[in-house]
Amino acid sequence: MFLTRRLYIVLTAVILCIAAGWWWMPLFHIGRLLLLLLLLVVCVDGTALWLHKAIRAGRQCSNRFSNGDDNVVRLWVESDYLFRVTLEMIDEIPHVFQRRDVCFYMTLRQQEGRKELTYRLRPTSRGVYGFGYIRVFAASPLGLLQRRYTCGETQDAKVYPSFLMLHRYEFLAIHQNLKDTGIKRIRRVGHHTEFEQIKDYVQGDDYRTINWRATARRHQLMVNIYQDERSQHIYHLIDKGRVMQQAFNGMTLLDYAINATLVLSYVAMRKEDQAGLITFADHIDTMLPASRHSGHMQRILETLYAQQTDFGETDFSSLCVHVNKHVLRTSLLIVYTNFIGMVALQRQLPFLQQLSRRHRVLVVFFEDVELAEYAATPAVSKEDECRHVMAEKYIYEKQLMVSKLRENGIYALLTAPNHLNVDIVNKYLEMKSQGLLC
């Protein structure tokens, strides 16, 4: 049983009435009668609430949450009381969210039936999140007492890489609307294609694709149809060292790289390429050979779910040895890492050059968005001017790293973490259209 604020207010008023009897005796007797009446009403209120268990509530949510996305959680509640009840409903969400606003107030009329409501949770790290019970506090129209109900069950939800974004790309890919997300149509350069079929010529077809033998046989113009070369291997190499623990909007660079890996793997497999995965830090952690067989996306998802950094120093030399030993076919290697400065790049450059001798290497690293925003603000003091100069020097170094990588025959992509998914897909489509993956 819980006493409500209304009861305390009424009780205070009755006590003040009794106390006023010190000056005027009739108020003392009136206060005593009001106190007896209040006790009687409280007994009636308590009996009505505790006569039988009449509140049921529950939670409906997926057992898998998508990292970095808004995940929907639905609550429902129903009442068997024969009168209108006022409810306060609290869902015990995982403590990692640090939210105190998952509390809902509502009124259920007699025989109203089930009432539903929704809210959203946005996790920023992978792992297992535990939900507790649903606490419902019911009050009658008198509102003097509350009865607490413990409803629902405890539930665990696993937070996976951003599969909700994956579904979004799937929907857009089906409708050929990838450009709606910022993914550009890339003009095809050259003829890095393979034959698919022969069809009747229609106005607008490239006359250079006319199949003269088929034309002579059918006595009408026939043209060859080509498609992008298939079964090219795409490997995602994810650095799990301490440089990937920098956070942006609550998520680490490692999580942004994991989400981008999932999205690009799906797009590549839809393009009939084969996607593989290697994670590394001071040693090689996991490896999934490139494939596009049924169930491979699920294996990638489960593998990415378990990835965590050990805050160690990244060893690119062991990566080179492992790739040269196990990746025998020429592939596109997409290396997700982050260079703090030119010195860090110079230290790893020989190993990237070694990888680029046999493979196409694309190095993906990140802009410091907060630093760029700070550099764009006006300086207000001499000390602030010095900070701006240092920030601009750091930003210039990032651009210099891109040029240095390209000078050594290594492709580079410098992007903001929140733009990574679109930028990496655009880069993949650009390289594929230019025949750089074979």
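User: Which ring does R114 lie over, and at what distance from its centre?
Analyst: R114 lies over the face of W76, at 3.8 Å from the ring centre. For a charge to sit over a ring, NZ of Lys or CZ of Arg must be within 6 Å of the ring centre and within 35 degrees of the ring normal. This is a predicted model, where local features need pLDDT of at least 70 and side-chain atom pairs count only at pLDDT 80 or more, while totals for chains, interfaces and linings use all residues. Residues are numbered from 1 along each chain as its sequence is written, and side-chain values use heavy atoms, with hydrogens and water left out.

User: Thanks! What about the charged end of R64, where does that sit?
Analyst: Over the ring of Y160, 5.2 Å from its centre.

User: On to ring pairs. How many aromatic pairs are there?
Analyst: Rings of Phe, Tyr and Trp (its six-membered ring) pair if their centres lie within 6.5 Å; planes under 30 degrees apart are stacked, over 60 edge-to-face and the rest tilted. By this rule there are nine aromatic pairs. One of them is F2 with F137, edge-to-face at 5.4 Å centre to centre and 80° between the planes.

User: Where do F2 and F137 lie?
Analyst: F2 is in strand β1 (residues 2-3) and F137 in strand β9 (residues 134-139), so their pair ties together parts 135 residues apart in sequence. Strands (E, at least two residues) and helices (H or I, at least four) are DSSP runs, numbered from the N terminus.

User: Is F137 buried or exposed?
Analyst: F137 is buried, with a relative accessible area of 13%, whereas F2 is partly exposed at 33%. Buried means under 20% relative accessible area, exposed over 50%, and partly exposed in between (1.4 Å probe, protein chains only).

User: New topic: why is strand β19 described as largely enclosed?
Analyst: Five of the five residues of β19 (residues 332-336) are buried, so the rest of the structure largely encloses this strand. L332, I334 and Y336 point one way, while L333 and V335 point the other.

User: Which strands pair with β19?
Analyst: Two strands pair if DSSP finds at least two bridges between them. Strand β14 (residues 233-239) pairs with β19 in the parallel sense over five bridges, and H236 stands opposite I334. Strand β20 (residues 360-366) also pairs with β19 in the parallel sense over five bridges, with V363 as the bridge partner of V335.

User: And the sheet with β4, what is its strand order?
Analyst: The order is β2-β4-β7, in an open sheet with antiparallel pairing. β2 (55-60) and β7 (115-121) stand at the edges with a single partner strand each, so one side of each has no neighbour in the sheet.
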